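Reader: I'd like to learn how to read a model like this one, feature by feature. Can you walk me through it?

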Amino acid sequence: MIRSTLALTCLLGLWAGLSQAAPLGDPEAGKKVYNSCKGCHEVGEGARNGVGPHLNFVFGRKAAGLEGYRYSKSLERAGVAGLEWHADTLDAYIEDPRGFASGTRMSFRGLKDPQDRANVIAYLRLYSDNPANIPEADPTARMSEYTVDAALLAMDGDREYGQYLSGECKACHLSDGADGIPSIVYWPEDDFKVALYAYKSGQRLHPVMQMIASRLGDEEIAALAAYFENPD
Amino acid sequence: MKLNRRTFIGTTAALAAVMSAPAVMGQGKPRVVVIGGGAGGATAARYIAQDSAGAIDVTLIEPQTTYYTCFFSNLYLGGFKEISDLGHSYAKLASDYGINVVHDMAAGVDRTAKTVTLAGGGTVAYDKLIVSPGIDFVDGSVPGWSVDAQDKMPHAYKGGTQVELLKAQIMAMPAGGVFAMVAPPNPYRCPPGPYERISMVGHLLKVNNPTAKILLVDPKEKYSKQGLFEEGWAKHYPGMIERIGPDFGAANVSVDPAAMTVTIDGTVEQVHACNVIPAQKAGMIAAAAGLTDGNWAPVNPVDMSSKMDPDVYVLGDATNQGDMPKSGFSANSQAKVCANAVRGALTGSRVFPAKYSNTCWSLIAPEDGVKVGAAYEPTDEKIASVSSFISQTGEDAALRKATYEESEGWYTGITTDMFG
């Protein structure tokens with residue numbers, strides 16, 4: 001019993017190491033990469049459209065979405081179809097501009113090195129909305145990925161970890177399950193897991209719950225289910 | 001293979017457990033002092049007291065005997081809540097959780113002696129100190145306004161009497177009068193707050209003084225939920241609200257509280273009620289304790305410990321932590337990570353990885369609620385946003401009503417989480 005607790009303590013310690021979010025890239029290094037962009041694209045205070053559109057506030061912008069710049073038909077069509085610029089779409093575009101949008105007027109061969117792309121994207125991210133002021137702004141880091149030993153999945157949920165994680169739930173869900181936000185206490189463990197996985201997969205549609213569940217690993221869902229089955 | 005790995009891990013953990021043995025053994029119970037009984041401080045005090053089950057002596061220092069939440073104060077302005085709905089007692093924290101609640105003002109912190117001095121005299125010793133003081137205002141940020149003028153032009157940006165005063169002044173406006181708001185520059189408490197307030201004042205005036213006008217003077221180019229608010233204002237309060245942004249001189253604004261005028265880039269506007277929300281900084285005790293760098297207190301993203309002192313933690317609006325907005329939800333979220341870390345440091349209990357989250361609900365009109373939220377994780381540099389969501393324009397009325405009802409459920413949830 002004691003041994004398994006100790007083992008778990010340390011495993012959690014390892015998760016703590018792994019659970020750090022990863023920055024989008026290194027903005028300092030990205031500034032150097034950006035040297036090959038800045039002949040056409042301005043960014044930063046007072047940036048204006050030149051040969052290419054300026055790149056202030058590009059994150060979250062619709063493709064071909066900047067007023068006062070004449071885009072290619074190809075990018076205009078992409079914008080109308082719903083393409084927005086985020087870390088992932090920018091990454092795909094600058095890897096191979098002509099492959100991504102065949103009619104683009106951006107005459108750039110593309111950045112083949114994924115690290116260069118990550119770094120320049122991190123650099124550009126400095127010039128879009130700050131999430132501290134505009135919470136809906138694009139993320140500035142990549143969510144940590146929980147890689148879990150298969151042996152752990154067979155383990156029963158860790159109630160103490162579940163109790164810690166439940167703090168996030170209790171900002172809204174009353175711990176005694178009275179009216180208001182739906183009660184989540186005294187649920188059978190399996191039902192609890194099914195509900196969280198349904199949010200995680202996007203089958204259930206509540207945006208707050210999708211956000212919460214999206215970053216819960218299997219062991220965390222098991223821990224929460226074990227705790228909420230009998231939280232006393 | 002797995003067995004070997006687990007054995008090895010177990011050994012390392014045993015060593016780590018020995019090395020992290022409580023630092024204050026043999027001196028009686030470890031002592032945690034919390035300054036500030038809001039969303040950060042009350043939550044941290046309650047979680048530490050509850051989860052340590054008597055092993056930690058917790059003192060909460062808060063001058064007010066009844067805490068009026070700043071969050072939902074706009075709903076009081078709009079007529080959807082009574083002020084009494086927003087008041088909360090500390091009685092349960094004392095009776096049910098054994099927290100020593102001291103209703104006094106923290107006047108100073110001696111970080112060498114590890115004591116907090118109270119305005120009423122006396123000192124309280126700590127092993128770990130948690131500072132959650134909320135905001136104060138930057139002197140001179142709106143020329144003509146100072147805290148001395150807050151009765152003429154209320155900030156109403158701390159809960160309680162200021163919000164009541166503002167509502168009384170709006171209700172006393174002449175028919176067709178002008179309500180003005182000077183919105184704050186970034187960063188400030190509750191990013192959508194000023195704009196929800198505009199919405200609620202819009203509702204109040206639509207009902208009571210429908211020919212009145214609202215003048216929003218905003219030094220920022222853009223703000224949170226802007227598309228949602230603009231859509232809502234056009235729908236519910238057409239022609240009532242005028243926003244002047246920095247492109248029309250809003251960054252160059254001054255006020256004259258005696259004359260009740262607002263001067264925007266040289267143009268003098270006569271107004272009948274005026275809400276000045278100045279630029280903000282950490283609550284004054286944070287600076288007095290030497291915890292600030294500039295206007296805010298920098299903290300370590302993994303546990304909210306101060307970058308100035310490993311035995312001090314800072315929570316909520318007062319901090320500079322990275323991507324989290326200054327909000328009650330954020331402070332409550334940070335408090336739980338901090339409580340887990342403080343308890344671990346003092347009793348050797350398990351310390352789990354930090355996870356933070358925030359959601360801000362705003363009411364635009366009756367049963368027309370919207371929300372924005374994000375999840376956050378620590379990086380080496382800061383607390384970073386890792387995913388976000390926001391309500392969409394054009395949502396149907398049923399969804400907006402459900403969002404509003406959800407915000408009411410959240411209010412009950414978080415205040416229970418804070419005060420027991």
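Predicted model: local features only at pLDDT ≥ 70, side-chain atom pairs only at ≥ 80, totals over all residues.

Reader: Okay, where is B:Lys225 found?

Author: Look in the loop between strand 12 (213-217) and helix 7 (226-236) of chain B. Phi of B:Lys225 is near 60 degrees, which is positive although the residue isn't a glycine.

Reader: And is B:Lys225 buried or exposed?

Author: Buried means under 20% relative accessible area, exposed means over 50%, and partly exposed is in between (1.4 Å probe, protein chains only). B:Lys225 has a relative accessible area of 1%, so it is buried.

Reader: Which residue has a phi near 50 degrees?

Author: That's B:Asp265, again a positive value in a residue other than glycine. B:Asp265 sits in the loop between strand 15 (261-264) and strand 16 (267-270) of chain B. With a relative accessible area of 46%, B:Asp265 is partly exposed.

Reader: Where is the place of B:Lys355?

Author: In the loop between helix 9 (328-347) and strand 22 (356-365) of chain B. Its relative accessibility is 6%, so B:Lys355 counts as buried. From B:Lys355 to B:Leu216 you have 139 residues in sequence and 36 Å in space, C-alpha to C-alpha.

Reader: Which peptide bond is cis?

Author: The one from B:Asn186 to B:Pro187, with omega near -10 degrees. You'll find B:Pro187 in the loop between strand 11 (178-182) and helix 6 of chain B.

Reader: Let's do helix packing. What describes two packed helices?

Author: The angle between their axes and the distance between the axes. Axes are lines fitted to C-alpha atoms, for helices over the stretch in contact, with angles from 0 to 180 degrees between N-to-C directions. In chain A, the axes of helix 9 (residues 189-201) and helix 11 (residues 218-229) come within 8 Å and cross at roughly 140 degrees. That makes helix 9 of chain A oblique to helix 11 of chain A (under 35 degrees is roughly parallel, over 145 roughly antiparallel, 65 to 115 roughly perpendicular, the rest oblique).

Reader: Who makes the contact?

Author: Contact means heavy atoms within 4.5 Å. Residues including A:Phe192 and A:Leu196 of helix 9 of chain A meet others including A:Ile221 and A:Phe228 of helix 11 of chain A. By class, this contact of helix 9 of chain A with helix 11 of chain A has nine nonpolar, no polar and five charged residues (Ala, Val, Leu, Ile, Met, Phe, Trp, Tyr, Cys and Pro are nonpolar, Asp, Glu, Lys and Arg charged, and the others, Gly among them, polar).

Reader: How many helices and strands does chain B have?

Author: Chain B has 10 helices and 24 strands. Its radius of gyration is 23 Å, close to the 22 Å that the globule rule gives for 420 residues, so chain B is as compact as a globular protein of that length (taken over C-alpha atoms; the rule is 2.2 Å times the number of residues to the power 0.38). Of the 420 residues of chain B, 59% count as buried.

Key. Residues numbered from 1 in each chain as written. Chains lettered and ligands numbered in written order. Heavy atoms only, no water. Helix = DSSP H or I, 4+ residues; strand = E, 2+ residues; numbered from the N terminus.
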